[in-house]
Amino acid sequence: MQVKIDKIDEFKRHTIYDIIPVTKNDTVLKFIFNDPKERFQNFLPGDYLQILSHTQGQTVVRPYTILKEKENRFSIIVKIYKNGVMTQHLKRLLIGFAVKIRGPININERIGVSRSVKSLSMSSILSTPVIADKALLNPNSDDGCWDILFMICRGTGITPMLQLIEYHLEKLNDKQNNTQLFLLFSNETELDIILEPDERLKQKKVEDLEELENRSNGKLKITRILSNKLDKLGDLSHDVIFSWLSKNYTPNNNGEIISIPSSITHGHTSYSSSSSILKKELPIQEQQQIIYEPTKYVETLSCDPVALRVFVCGPSLMMSAVNEAFSKMMFPEEKIITID
């Protein structure tokens, strides 16, 4: 399915319907816009919009992931930076103000690459938009769904994951769809978690992560992990990522199901960077098995016919840490899509 868009290279004014803090520390805001002409009602995962503003003597354009809302509206989630020209401009706006927006725009077409490219950049913000394509979907499936979808993100990197989750949940009305969704959401503290259950979200009738997970009827499993101030990236180490993957999915190679040692698969559902899954002393034989089994897991996963993908999105340091972890475990590159 392609989305038909008229003159998407033109910025149109959309009024702000509401502005809602979506973290407990109020550093991330959700802007909900009115969409009377329904320009943003039929977009696909990977699509984004651009906002143009004239502020501080500058003309600024920034891309934001589009999220669905009810009643002919759409939204974006924005982290407010102290020195951010655009985010400080948006922070000063009030309900009812008009914002210049264009889109939907496809993330692949923005940089002129095919969907097979592993890394999808969000840096070229002024390129000419084109008709959207199925950028992040399964090209070998009629409905575009993946069988197993792993998502790793930090902070506002959750926004394209929310697109993917919403798309797959909509398709789950089809009884033949056996998709399983797993989200690993990293943040520094609990106050930084976007859409964590909060009374203010309930008052505004904004769906939080717990409600989203419940709505999936068991299809979506969300794991939250927190880092500490001394080691901001230790929460996404090789050990933690492998534990999360192997606990949620066992690859199948021609009927051969591999076993993963309990010291890896039966850990906690959430981790902090101050603790290591493999820190405790283990018998030599079990230590050798742990070293071997991740290799066997990845080898078997490479031959698994199931349509499985891992999507990664977040700050550059986090992305580097995750890429290093996958490189260390020799995870098949064709199964990873990073959104920069």
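Select Met86 and its neighbours. Met86 touches Ile51, Leu52, Ser53, Val60, Val61, Arg62 and Tyr64, leaving aside residues up to four places away in sequence. A contact here means heavy atoms within 4.5 Å. The model is predicted: local features need pLDDT of at least 70, side-chain atom pairs count only at pLDDT 80 or more, and totals for chains, interfaces and linings use all residues. Residues are numbered from 1 along each chain as its sequence is written, and side-chain values use heavy atoms, with hydrogens and water left out.

**Stop 1: helix H1**

Helices (H or I, at least four residues) and strands (E, at least two) are DSSP runs, numbered from the N terminus. Met86 is buried, with a relative accessible area of 2%. Buried means under 20% relative accessible area, exposed means over 50%, and partly exposed is in between (1.4 Å probe, protein chains only). H1 is mostly covered, with 6 of its 8 residues buried. Colour those: Val85, Met86, Thr87, Gln88, His89 and Leu90. They pack against S2, strand S3 (47–55), S4 and S6.

**Stop 2: Tyr64**

Tyr64 counts as buried, at 11% relative accessibility. Show its contacts beyond four places in sequence: Tyr48, Leu49, Ile51, Ile76, Ile77, Val78, Met86, Thr87 and Leu90.

**Stop 3: the annotated site**

**Stop 4: helix H3**

Thr159 from that list is also one of the buried residues of H3. Select residues 158–171, the 14 residues of helix H3. From first C-alpha to last, H3 reaches 20 Å, close to the 20 Å expected at 1.5 Å a residue. The expected span is 1.5 Å times one less than the number of residues. H3 is largely enclosed by the rest of the structure, because 11 of its 14 residues are buried. Among them are Ile158, Met161, Leu162, Ile165, Tyr167 and Leu169.

**Stop 5: the largest nonpolar core**

Stay on H3 and bring in Met151, Leu183 and Phe311. These three touch the most other members of the largest nonpolar core, which has 37 residues. H3 gives this core its largest share, 6 residues. A nonpolar core is a set of buried Ala, Val, Leu, Ile, Met, Phe, Trp, Tyr and Cys residues joined through side-chain atoms within 4.5 Å.

**Stop 6: backbone details**

Select Gly103 and Pro104. A cis peptide bond joins them, with omega about -5°. Pro104 is found in strand S7 (residues 98–106).

Next, go to Asn72, in the loop between strand S5 (67–68) and strand S6 (73–79). Its phi is near 55°, a positive value in a residue other than glycine. Asn72 is partly exposed, with a relative accessible area of 32%.

Then pick Met330, in the loop between helix H9 (316–328) and strand S15 (336–339). Phi of Met330 is also positive, near 55°. Met330 is exposed, at a relative accessible area of 66%.

Step back into helix H9 for Asn323. This residue is partly exposed, with a relative accessible area of 31%. Draw a distance from Asn323 to Glu333. Their C-alpha atoms are separated by 9.8 Å, and the two residues are 10 apart along the chain.

**Stop 7: cysteines**

Select Cys145 and Cys303. Cys145 is buried, with a relative accessible area of 5%. Cys303 is partly exposed, at 48% relative accessibility. The structure holds 0 disulfides, a disulfide being a pair of cysteine sulfur atoms within 2.5 Å.

**Last stop: the whole model**

Zoom out. The protein has 9 helices and 15 strands. Of its 340 residues, 52% count as buried. Among contacts with a separation of 6 or more, 72% come from residues 24 or more positions apart.
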